Amino acid sequence: MSHGAQDEKASNKRLLALCFGVIGVVYGDIGTSPLYAFREAFGQHGVTVARENVLGVLSLIFWSLITVVSIKYATFILRADNKGEGGVMALMALAQRGVRRVRARWLVMVIGLFGSSLFFGDAVVTPAISVLSAVEGIEVLAPSLEHYVVPITVLILLGIFAIQKHGTSRVGPLFAPITLIWFLTLGTLGIFGILHEPSVLQALIPHHAIMFFVHNGKLGIFAMGAVVLSITGAEALYSDMGHFGKRPIRLVWFFLVLPCLMLNYLGQGALVLSDPSTAVNPFYKLVPAALLIPMIILATMATIVASQAVISGTFSMARQAVQLGYLPRMQILHTSKEQIGQIYLPWVNRILLVLTIAVVLGFRSSENLVTAYGLAVVGTMLMNTLLVVIVARRIWHWHALRVAAVGLIFLGVDAVLLTSVADKFIYGGWFSLSLGLILFTLMMTWRRGRELVMREIKRAGLALEPFIASISAHPPLRVAGTAVFLTANPEGVPNALLHNLKHNKVLHERNVILTVEILDEPVVDAENRKSVAALADDFYLVTLRYGFSETPSIPQALLGVAECGFPFDMMDTTFFLSRESIVSGDRPGMMLWRDRLFQFLSRNATSATAFFQIPGNRLIELGTQVEI
């Protein structure tokens with residue numbers, strides 16, 4: 001076999017492995033939508049169970065999957081990768097790279113942070129509604145077991161969040177087979193349903209979608225809120241792109257997920273056409289009685305996989321927000337030595353656990369919970385559209401008319417979807433939206449607070465070069481070893497250096513002014529990782545650069561710095577860090593309540609030493625007070 005054939009075979013095997021992984025991670029959320037999406041179109045706020053309505057809803061589901069997922073996400077938005085990375089944060093960073101004006105960059109930041117915040121609100125509701133809808137299958141099996149649904153759901157969710165700290169390396173390999181079996185089962189059940197009522201295939205004609213609105217008017221628009229449930233999880237196609245790449249995500253969608261989902265929806269519709277009473281729970285009514293228990297178990301496992309994917313996505317988004325400076329530093333643990341993408345954020349996990357359990361106990365059924373679901377999802381989609389339009393114009397340099405045409409089409413679709421879920425606000429949509437607004441406020445406050453702190457540090461600081469010149473003219477006592485002073489302002493003298501000189505009255509033989517920069521790209525190339533500038537009198541200015549998807553390790557990075565004329569010996573190196581104590585003042589900046597919030601966040605943030613993995617026995621922290 002030639003080398004070319006061998007390379008092609010290896011490439012195909014790798015592609016197949018990636019496709020297999022995509023099944024278990026990317027499509028868990030959208031794959032569990034058949035449990036509740038079609039049913040809700042005929043629920044409490046839906047339309048009557050009539051033939052034209054059944055065909056209309058199915059037609060809307062089909063064309064929503066085509067326009068939103070297949071065209072907008074799989075074809076268009078997947079092109080907007082930030083060096084292979086996806087997600088709202090990555091898209092925001094990419095869009096900011098294309099704008100220069102301060103006001104425009106601020107607007108892009110607001111759009112990106114609001115989209116990320118809404119994603120968090122969606123991440124709270126998704127595990128709750130997915131697991132609830134699966135466990136509710138026992139009501140079909142035995143209606144007398146209805147009061148066990150909520151306790152069982154809570155126990156499953158407790159288990160899901162409890163295993164997060166152990167990672168998914170052991171159970172992760174099971175995700176893809178479970179999800180693959182789930183999709184094949186969806187498709188098989190759908191085929192059997194269609195065979196009993198083949199006329200349901202007429203729903204693929206867009207005429208039925210149009211006539212649905214003609215027959216139902218305003219009620220039809222709001223009933224489309226149930227159709228939105230069929231496309232929840234579309235964001236995962238983009239946010240998980242960095243793990244798998246574009247091609248596997250597209251292949252799995254077009255050749256497995258889309259056909260199986262649509263077959264199942266059509267099968268449910270065929271069942272309702274032949275027996276309207278099954279509209280109460282057409283998914284489980286489609287399952288033969290002898291297979292109901294195995295199907296409930298399979299559905300529960302599929303929703304666990306979907307919940308895991310959403311939780312992991314939230315961890316990744318939170319890390320990106322921390323790295324880019326929109327959230328306080330927090331503990332980030334790696335749960336796998338082989339896969340750097342598997343991380344665990346204890347505080348995020350606890351918050352998600354409490355909120356998700358509260359959602360289950362508060363709404364108590366998936367039928368009630370769907371009223372809180374969809375508004376945040378569509379909001380995130382809208383923010384994605386706005387950002388990708390900016391990228392198309394500023395980064396891809398599309399012609400303005402082309403951008404306007406594409407933008408208006410996608411924004412028009414988003415506007416229709418947003419209108420259809422607008423009434424959910426008063427029935428429960430306020431919950432996920434409120435969570436998003438709270439997180440948005442936290443991120444905007446933290447960002448603004450850090451800007452004010454940097455402004456005060458620069459205003460009160462001394463210029464570095466004149467300071468070194470004065471040291472050369474009046475040298476203090478020198479001691480052996482290397483001192484590393486961490487600072488966010490490389491042009492000024494670090495406060496820790498000033499305090500050390502003032503109180504201890506000594507300097508080390510070698511002094512390194514170290515700055516860590518987080519760039520607007522996921523991973524920094526090795527050649528751009530560091531820069532070193534030799535200053536006078538054995539002072540060095542070192543800059544380390546990381547991407548927003550990387551975990552900084554200062555000691556490890558310094559071991560690779562040889563430009564200082566000597567190797568770094570951690571046993572002979574002392575790190576100095578200034579810990580800021582924030583106090584509110586009368587300077588212009590933020591409102592008092594935001595000052596107080598920023599102070600609270602600062603006090604509870606993980607220390608820079610732990611975040612940058614600096615050993616505690618090589619560290620000296622010196623306090624400094626900053627008034628904002």
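A: We begin with a term: on a 1 Å grid over the protein atoms alone, a cavity is a set of points where a 1.4 Å probe fits but cannot get out, and a lining residue has an atom within 4 Å of a point. Grid points are joined across faces, edges and corners, and a volume is the space filled by probe spheres set on the points. Here the second largest cavity has a volume of about 150 Å³, and among the 15 residues that line it, Gly86, Gly87, Ser239, Gly313 and Met317 are the closest to its centre. This is a predicted model, in which local features need pLDDT of at least 70, side-chain atom pairs count only at pLDDT 80 or more, and totals for chains, interfaces and linings use all residues. Residues are numbered from 1 along each chain as its sequence is written, while side-chain values use heavy atoms, with hydrogens and water left out.

Q: Which element gives the largest share of the lining of the second largest cavity?
A: Helices (H or I, at least four residues) and strands (E, at least two) are DSSP runs, numbered from the N terminus. Helix 15 gives the largest share of that lining, with four residues.

Q: What volume does the largest cavity have?
A: The largest cavity has a volume of about 220 Å³, and its lining is made of 22 residues, with Asp29, Phe119, Glu235, Ala236 and Val310 nearest its centre.

Q: How many salt bridges are there?
A: A salt bridge is a side-chain nitrogen of Lys or Arg within 4 Å of a carboxyl oxygen of Asp or Glu, and by this rule the count is 15. One of them joins aspartate 414 to lysine 72, with the closest N and O atoms 3.0 Å apart. This pair links distant parts of the chain, since aspartate 414 is in helix 19 (residues 400-421) and lysine 72 is in helix 4 (residues 51-76), 342 residues apart.

Q: Are aspartate 414 and lysine 72 buried or exposed?
A: Buried means under 20% relative accessible area, exposed over 50%, and partly exposed in between (1.4 Å probe, protein chains only). Both aspartate 414 and lysine 72 are buried.

Conventions:
1 Å grid on protein atoms, 1.4 Å probe; cavity = no way out; pocket = protein on both sides within 12 Å on 5 of 7 lines; lining within 4 Å.
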